[in-house]
Amino acid sequence: QVQLVESGGGLMQPGGSLRLSCLASGSIFTGRIFSFYDMDWYRQAPGKQRELVARITSGGSTDYADYVKGRFTISRDNAKNTVYLQMNSLKPEDTAVYYCNVRDTAYWGQGTQVTVSS
């Protein structure tokens, strides 16, 4: 069984910051440790399709969607089986449920709600 548990969402004013966490546990990490996996953050706003926000490889390389580049930072702590998403300069259009994903697998967390509003 694989579990991805996101946390850190909430209500924030425009221009504010939030830090999301995704804790990974389960069987696929037993034989291959967490550090071997590429991890992604996605988001889904009401009425819209789920979209990729950021990704980090096993080697620590990162990539970002244009709409968050320069504002969001993805990182990982392999000792804690955790991937993070630091979100700065938040905008109302960042409002969405944020999910983490083990890349190229069907393993998703339950999501954490981020609402940016004054």
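Rings of Phe, Tyr and Trp (its six-membered ring) pair if their centres lie within 6.5 Å; planes under 30 degrees apart count as stacked, over 60 as edge-to-face and the rest as tilted. By this rule, the structure has two aromatic pairs. It also holds one disulfide and an open sheet of six strands. The model is predicted: local features need pLDDT of at least 70, side-chain atom pairs count only at pLDDT 80 or more, and totals for chains, interfaces and linings use all residues. Residues are numbered from 1 along each chain as its sequence is written, and side-chain values use heavy atoms, with hydrogens and water left out.

**Aromatic rings**

- A pair of aromatic rings is described by the distance of the centres and the angle of the planes.
- Two aromatic pairs are counted. In one of them, Tyr42 and Trp108 have ring centres 5.0 Å apart and planes at 65 degrees, so the pair is edge-to-face.
- This pair links distant parts of the chain, 66 residues apart. Tyr42 is in strand S4 (residues 39-44), and Trp108 is in the loop between S9 and strand S10 (112-116). Strands (E, at least two residues) and helices (H or I, at least four) are DSSP runs, numbered from the N terminus.
- Tyr99 and Trp108 also form an edge-to-face pair, with 6.4 Å from centre to centre and 85 degrees between the planes.
- Tyr42, Tyr99 and Trp108 make up one aromatic cluster.
- Tyr42 is buried at 17% relative accessibility, and Tyr99 is buried at 12%. Trp108 is partly exposed at 32%.

**Charges over rings**

- A charge sits over a ring if NZ of Lys or CZ of Arg is within 6 Å of the ring centre and within 35 degrees of the ring normal.
- The charged end of Arg19 sits over the ring of Tyr84, 3.9 Å from the ring centre.
- Arg50 lies over the face of Tyr99, at 3.8 Å from the centre of that ring.

**The disulfide**

- A disulfide is a covalent bond between the sulfur atoms of two cysteines. The cut-off used here is a pair of cysteine sulfur atoms within 2.5 Å.
- Cys22 and Cys100 form the disulfide, with their sulfur atoms 1.9 Å apart.
- Cys22 lies in strand S3 (residues 18-26) and Cys100 in strand S9 (residues 96-102), so the pair ties together parts that are 78 residues apart in sequence.
- The torsion about the S-S bond of Cys22 and Cys100 is about 50 degrees, so the disulfide is right-handed.
- Both Cys22 and Cys100 are buried.

**The six-stranded sheet**

- Strands of a sheet pair through backbone hydrogen bonds, either parallel or antiparallel. Two strands count as paired if DSSP finds at least two bridges between them.
- The order in the open sheet is S2-S10-S9-S4-S5-S6, with mixed pairing.
- Strand S2 (10-12) and strand S6 (62-64) stand at the edges, each with a single partner strand, so one side of each has no neighbour in the sheet.
- From one strand to the next, the twist averages 25 degrees. Axes are lines fitted to C-alpha atoms, for helices over the stretch in contact, and angles run from 0 to 180 degrees between N-to-C directions.
- S4 and S9 pair in the antiparallel sense over six bridges. Arg43 has Tyr98 as its bridge partner in S9.
- S9 and S10 are also antiparallel, over three bridges. Val97 has Gln113 as its bridge partner in S10, while Tyr98 has Thr112.
- S9 is mostly covered, with six of its seven residues buried.

- Val114 is found in strand S10. Val114 is buried, with a relative accessible area of 0%.
- Which residues does Val114 contact, leaving aside its neighbours within four places in sequence? Contact means heavy atoms within 4.5 Å. Val114 is in contact with Gly9, Gly10, Leu18, Leu20, Met87, Asp94, Thr95, Ala96 and Tyr98.
- Val114 and Asn101 are 13 residues apart in sequence and 17 Å apart in space, C-alpha to C-alpha.
- Arg71 is in the loop between S6 and strand S7 (72-77). Arg71 counts as buried, at 10% relative accessibility.
- Not counting residues up to four places away in sequence, Arg71 touches Gln86, Met87, Asn88, Ser89, Leu90, Lys91 and Asp94.

Methods:
Buried means under 20% relative accessible area, exposed over 50%, partly exposed in between (1.4 Å probe, protein chains only).
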